[in-house]
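This report walks through one protein chain. Please keep the sequence and the 3D view open while reading.

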Amino acid sequence: MQAEQISIFLENKAGRLSEVTGILWQNQVNIRALAVADTTDFGVLRLIVDDNAKAEQVLKNAGFTVRKTKVVAVEVADQPGGLHSILEMLYKAGINVEYMYAFVRQSGDNAVMIFRFDQPEQAIDVLSQNGVTIVEGARLYTM
């Protein structure tokens, strides 16, 4: 039930993000969600794309360091307290959220969040047992 994300390590300088998005655009890879974490010298660009294999190949061919990571996509009620209820379940189960970011999709009743957990299988179990919908990886690319 986990989805795959690609992470690209970038120097923290002007134009590097544009270079990545340009390569993906030229190769017809659609970005579905992204997050950037940075420090003074470098950054990590995390992406959910519609074709991980192609994205990884074209970025590596361009000299970027790329890594694949398993993440969990979760439907969250799009209302006040929706995210809090998910985070509270995880907290009570002793599961740490390493990072998270939003997934863009067509409007609906729920938002989708991408999570990286310290204990992904346990997180999936806790959330599923509490009626939370885990979005299958393949479904992410067609939303």
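Does glutamate 98 count as buried, partly exposed or exposed? At 43% relative accessibility, glutamate 98 counts as partly exposed.

## Model and conventions

This is a predicted model, in which local features need pLDDT of at least 70, side-chain atom pairs count only at pLDDT 80 or more, and totals for chains, interfaces and linings use all residues. Residues are numbered from 1 along each chain as its sequence is written, and side-chain values use heavy atoms, with hydrogens and water left out.

## Fold and dimensions

The chain has five helices and seven strands. Their order along the sequence is β-α-β-β-α-β-α-β-β-α-β-α. The radius of gyration is 16 Å, close to the 15 Å that the globule rule gives for 143 residues, so the chain is as compact as a globular protein of that length. That radius is taken over C-alpha atoms, and the rule is 2.2 Å times the number of residues to the power 0.38. Helices (H or I, at least four residues) and strands (E, at least two) are DSSP runs, numbered from the N terminus.

Along its principal axes, the C-alpha trace spans about 45 × 30 × 25 Å.

## Burial and surface

Of the 143 residues, 41% count as buried. The chain exposes about 7,800 Å², and carbon and sulfur atoms supply 47% of that area. Areas come from the Shrake-Rupley method with a 1.4 Å probe; for residues, only the protein chains shown count as cover.

Glutamine 28 lies in the loop between α1 (16–26) and β2 (31–38). Its phi is positive, about 55°, although glutamine 28 is not a glycine. At 63% relative accessibility, glutamine 28 counts as exposed.

## Charges and salt bridges

Side chains of opposite charge can pair when their charged atoms come close. The whole structure holds six salt bridges, each a side-chain nitrogen of Lys or Arg within 4 Å of a carboxyl oxygen of Asp or Glu.

Arginine 16 takes part in two of the pairings described here. With glutamate 11, the closest N and O atoms are 4.0 Å apart. With glutamate 19, they are 2.9 Å apart. Glutamate 19 and arginine 16 both lie in helix α1, three residues apart, about one turn of the helix. Arginine 16 is buried at 16% relative accessibility. Glutamate 11 is partly exposed at 45%, and glutamate 19 is partly exposed at 34%.

## A link between strands

Arginine 116 and glutamate 98 meet in a salt bridge, 3.4 Å from N to O. This pair links distant parts of the chain: arginine 116 sits in strand β6 (residues 110–117) and glutamate 98 in strand β5 (residues 97–103), 18 residues apart. Arginine 116 is partly exposed, with a relative accessible area of 25%. Elsewhere, salt bridges that share partners join Glu4, Glu56, Lys60 and Lys68 into one network.

Conventions
Buried means under 20% relative accessible area, exposed over 50%, partly exposed in between (1.4 Å probe, protein chains only).
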